[in-house]
Amino acid sequence: MSAAPRPEAEKRAGRFRRMLDRLASSQEELDADELRQDAEQTGCTRISDCEDREIVTVTGTLRTVTLRPRAGVPALEAELFDGSATLDMVWLGRRAIVGIEPGRRLIATGRVSRNHGRLVLFNPKYELRPLGQE
């Protein structure tokens, strides 16, 4: 009859397993995991869980920021990634917004809609995360 493993040994095995998982993961997978944890800690909705016409608060990192006119009106578009999915944010009538740049983390609130199969927040309220926490 073998003795049951001690809790201390289980903790070491768990840490070893996590270390191996991190070594075997790509940087993109590690970043996505960190973003998912950030969403859980801030109480935000995961983008993959957002439903059409729902008011949500999401958090993530801006992947791209582009200026794309819509119907002759300037529109600043940004793609937000939270580790689970992406969401487009569109500010109508804006050519640029200070702080809205690729790599920046933020929290955004608004009503989600579907546009050509993609989730979109038009003119969302947003809060830039402090620099240095990226």
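Me: Which residues touch the most other members of the largest nonpolar core?

Reply: First, the general idea: a nonpolar core is a set of buried Ala, Val, Leu, Ile, Met, Phe, Trp, Tyr and Cys residues joined through side-chain atoms within 4.5 Å. Buried means under 20% relative accessible area, exposed over 50%, and partly exposed in between, with a 1.4 Å probe and protein chains only. Here the largest core has 18 residues, and V58, M89 and I100 touch the most other members. At least two residues of this core come from each of β1 (55–67), β2 (75–81), β3 (86–92), β4 (105–115) and β5 (118–122). Bear in mind that this is a predicted model: local features need pLDDT of at least 70, side-chain atom pairs count only at pLDDT 80 or more, and totals for chains, interfaces and linings use all residues. Residues are numbered from 1 along each chain as its sequence is written, and side-chain values use heavy atoms, with hydrogens and water left out.

Me: What does I100 touch, not counting residues up to four places away in sequence?

Reply: A contact means heavy atoms within 4.5 Å. By that rule, I100 touches L62, V65, L76, A78, W91, L106, Y126 and L128.

Me: How many helices and strands does the chain have?

Reply: Both are DSSP runs numbered from the N terminus: helices are H or I with at least four residues, strands are E with at least two. This chain has two helices and six strands, in the order α-α-β-β-β-β-β-β.

Me: Which way do β1 and β2 run?

Reply: Two strands pair if DSSP finds at least two bridges between them. β1 and β2 run antiparallel, joined by six bridges, and T64 stands opposite E79 in β2. β2 also pairs with β3 in the antiparallel sense, over seven bridges, with A75 partnered by L92 in β3. Their hairpin has four residues between the strands, and G83 there takes a positive phi near 95°.

Me: And which strands does β5 pair with?

Reply: β5 runs parallel to β3, with three bridges, and V90 has F122 as its bridge partner in β5. With β4, the pairing is antiparallel over four bridges; V112 and L121 are bridge partners there.

Me: Why is β2 largely enclosed by the rest of the structure?

Reply: In a regular strand the side chains alternate between the two faces of the sheet. In β2, both faces are covered: A75, E77, E79 and F81 are buried on one side, and L76, A78 and L80 on the other. Seven of the seven residues of β2 are buried, so the strand is largely enclosed.

Me: How many aromatic pairs does a search of the whole structure find?

Reply: Rings of Phe, Tyr and Trp (its six-membered ring) pair if their centres lie within 6.5 Å; planes under 30 degrees apart count as stacked, over 60 as edge-to-face and the rest as tilted. The search finds one pair: W91 and Y126, edge-to-face, at 5.6 Å centre to centre and 80° between the planes. The pair links distant parts of the chain, with W91 in strand β3 and Y126 in strand β6 (residues 125–128), 35 residues apart. W91 is buried at 4% relative accessibility, while Y126 is partly exposed at 33%.

Me: Where is P74, and is it buried or exposed?

Reply: P74 lies in the loop between β1 and β2. At a relative accessible area of 19%, P74 is buried. Leaving out residues up to four places away in sequence, P74 touches L67, P69, W91, L92, G93, R94 and R95.
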